[in-house]
Amino acid sequence: MKPHRNKIPELLAPAGSFEKLVTAIHYGADAVYLAGKRFSLRARAGNFDEEGLRQAVSYAHKHSVKVYVTINIFAHNEDLEGLEDYLLFLDSIDVDALIIADPGILSVSRETLPDMPLHLSTQANVTNAASARFWVSQGVSRLNLARELGIEEIRQIRAATETELELFVHGALCISYSGRCMLSTYFTGRDANQGDCAHPCRYSYRLVEEKRPGQYFPVEEDERGTYIFNSQDLCLLNRLPELIAAGADSLKIEGRMKSVGYVGGVVRVYRAALDWIQEQLDAGAEINSLSLPEYLTGEIKKLGTRGWTENFFDGPPDDSAMMHDRMRIEQPWVPAGIVRQAEPLLIETRNVLETGDSIEYLGRNMRTISCSVLAMTREDGTSLERANPGQRVELQTDPEVIEPELNSLFRKKV
Ligand code: SF4
């Protein structure tokens with residue numbers, strides 16, 4: 001068995017668009033996963049056409065970042081049309097691996113591209129060592145384990161295989177087994193197993209007695225009804241030392257449909273956490289004695305979320321892993337802009353921004369600068385009191401942001 005202990009895993013980030021890819025790489029992702037226009041879950045993420053895929057791989061490789069392309073629908077016969085051509089195209093642009101759930105697509109991929117690394121998607125629901133060994137025997141080189149596993153089960157699977165193990169550490173959870181769910185199809189006709197989930201598990205539900213049509217009874221004593229299926233979001237930030245000790249090879253962040261501010265913010269925190277752990281190990285600390293600095297948890301709580309659960313990590317979750325009273329926690333901060341030029345500082349806004357607004361600059365390595373908007377000027381020299389989303393403005397802040405980095409984010413308090 002090769003030694004896995006205490007190797008810092010790859011940080012794998014979602015890239016639902018080219019801008020999110022650039023942001024994830026800027027903040028320290030080691031690899032990104034993304035999708036073409038076909039054969040992938042998350043059908044409503046921006047996703048990449050062929051030229052976009054080519055550019056994405058080229059940009060990522062220039063920054064020594066790997067690109068994994070999802071082909072993880074559960075395919076019907078007609079969905080397979082054009083698959084071989086698409087696989088050959090992906091090979092021609094040098095993608096680093098394919099993420100697959102369907103055994104048929106796996107088999108076609110192996111035949112078409114025998115040398116291409118194949119990663120098993122979490123949708124394949126690997127929950128035990130025998131299942132892990134089975135998929136390895138089918139040619140996969142990495143297993144993204146089911147999210148419904150505890151740390152002890154992860155250790156047992158690690159002991160059973162030398163194949164790379166990838167684990168979700170942050171992001172949305174399903175009340176069903178990771179996407180294998182018909183709720184969305186029944187309610188909206190949008191198929192979760194084809195990447196088109198409308199998230200009806202987050203809707204507000206009430207009770208109706210069949211002889212009283214039109215009378216809606218709240219399931220709980222809340223006038224808005226209840227969100228009975230609404231699972232909190234996964235956050236294993238504070239369990240990273242245990243995941244590293246267990247031999248995880250890759251830590252995955254969910255969210256190809258999330259905003260650029262969310263993707264950048266989450267990658268920034270997890271990068272800082274992994275770098276901090278590396279420093280402690282280099283200084284001779286024992287992995288099991290490490291507890292992450294509290295400012296990292298504080299930082300993750302500034303990002304949009306449905307709460308924070310460690311899910312199955314210590315055992316099956318109870319009701320406290322659910323959020324019954326609302327769909328999400330209100331975001332305390334929203335993205336304000338992205339740095340497009342450092343000197344003089346020029347940003348592209350992502351929300352309405354006004355002079356006097358309290359904002360924060362989010363540098364790499366957790367360099368955070370709290371400041372306020374002193375003045376904004378359009379590129380033609382006109383000064384602005386208020387900028388609309390998507391505008392490019394020269395920004396003066398108080399205090400001044402020293403040495404801003406291209407592609408860093410600003411956020412503002414709401
Ligand atoms: S409806 Fe909810 S549980 Fe079902 S696939 Fe969509 S997100 Fe997952």
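Here are some numbered notes on the structure above, going through it feature by feature.

1. Ground rules. This is a predicted model, so local features need pLDDT of at least 70 and side-chain atom pairs count only at pLDDT 80 or more, while totals for chains, interfaces and linings use all residues. Residues are numbered from 1 along each chain as its sequence is written, and side-chain values use heavy atoms, with hydrogens and water left out.

2. β15 runs antiparallel to β16, with five bridges joining them (two strands pair if DSSP finds at least two bridges between them). Ser358 sits opposite Ser372 in β16. Between the two strands of the hairpin there are five residues.

3. The other partner of β15. Strand β20 (residues 409-413) is also antiparallel to β15, and four bridges join the two. If you want a pair to click on, Glu360 has Arg411 as its bridge partner in β20.

4. Thr368. This residue lies in strand β16, which spans 368-378. Thr368 is partly exposed, at 32% relative accessible area. Leaving aside neighbours within four places in sequence, Thr368 is in contact with Arg268, Glu360, Tyr361 and Leu362 (contact means heavy atoms within 4.5 Å). With Arg268 there is a side-chain to side-chain polar contact of 2.6 Å (a pair of N or O atoms within 3.5 Å; within protein, one must be able to donate a hydrogen and the other to accept it, and residues adjacent in sequence count only if both atoms are side-chain atoms). Thr368 and Phe410 are 42 residues apart in sequence, and their C-alpha atoms are 9.5 Å apart in space.

5. Salt bridges, part one. The structure has 27 of them (a side-chain nitrogen of Lys or Arg within 4 Å of a carboxyl oxygen of Asp or Glu). One of them pairs Arg340 with Glu19, with 2.8 Å between the closest N and O atoms. That pair links distant parts of the chain, 321 residues apart: Arg340 is in strand β12 (333-341) and Glu19 is in helix α1 (18-26). Arg340 is partly exposed at 27%, and Glu19 is partly exposed at 25%.

6. Salt bridges, part two. Lys252 bridges to Glu166, the closest N and O atoms being 3.4 Å apart. This pair also links distant parts of the chain, from strand β11 (250-253) to strand β7 (164-171), 86 residues apart. How accessible is Lys252? Lys252 counts as buried, at 5% relative accessibility, and Glu166 is buried at 2%. Both residues belong to a salt-bridge network together with Glu10, Arg142 and Glu164. Elsewhere, Glu254 bridges to Lys258 at 3.0 Å between the closest N and O atoms; Glu254 is buried at 9% and Lys258 is buried at 17%.

7. The ligand. Its shell holds 10 residues, the closest being Cys174, Ile175, Cys181, Cys197 and Cys201 (a residue is near a molecule or strand if one of its heavy atoms lies within 4 Å of it). What kinds of residue make up the shell around the ligand? There are seven nonpolar, three polar and no charged residues (Ala, Val, Leu, Ile, Met, Phe, Trp, Tyr, Cys and Pro count as nonpolar, Asp, Glu, Lys and Arg as charged, and the others, Gly among them, as polar).

8. Backbone items to look at. Most residues other than glycine have a negative phi, and most peptide bonds are trans. Asn365, in the loop between β15 and β16, has a positive phi of about 55° and is exposed at 70%. Asn125 has a positive phi of about 60°, but is buried at 14%. There are cis peptide bonds between Glu343 and Pro344 (omega about -5°) and between Asp398 and Pro399 (omega about -5°). Pro344 is in the loop between β12 and β13 (346-349), and Pro399 is in the loop between β19 (392-398) and β20.

9. Gln123 is buried at 11%, and its side chain makes a 2.9 Å polar contact with the side chain of Ser121.

Methods. Buried means under 20% relative accessible area, exposed over 50%, partly exposed in between (1.4 Å probe, protein chains only).
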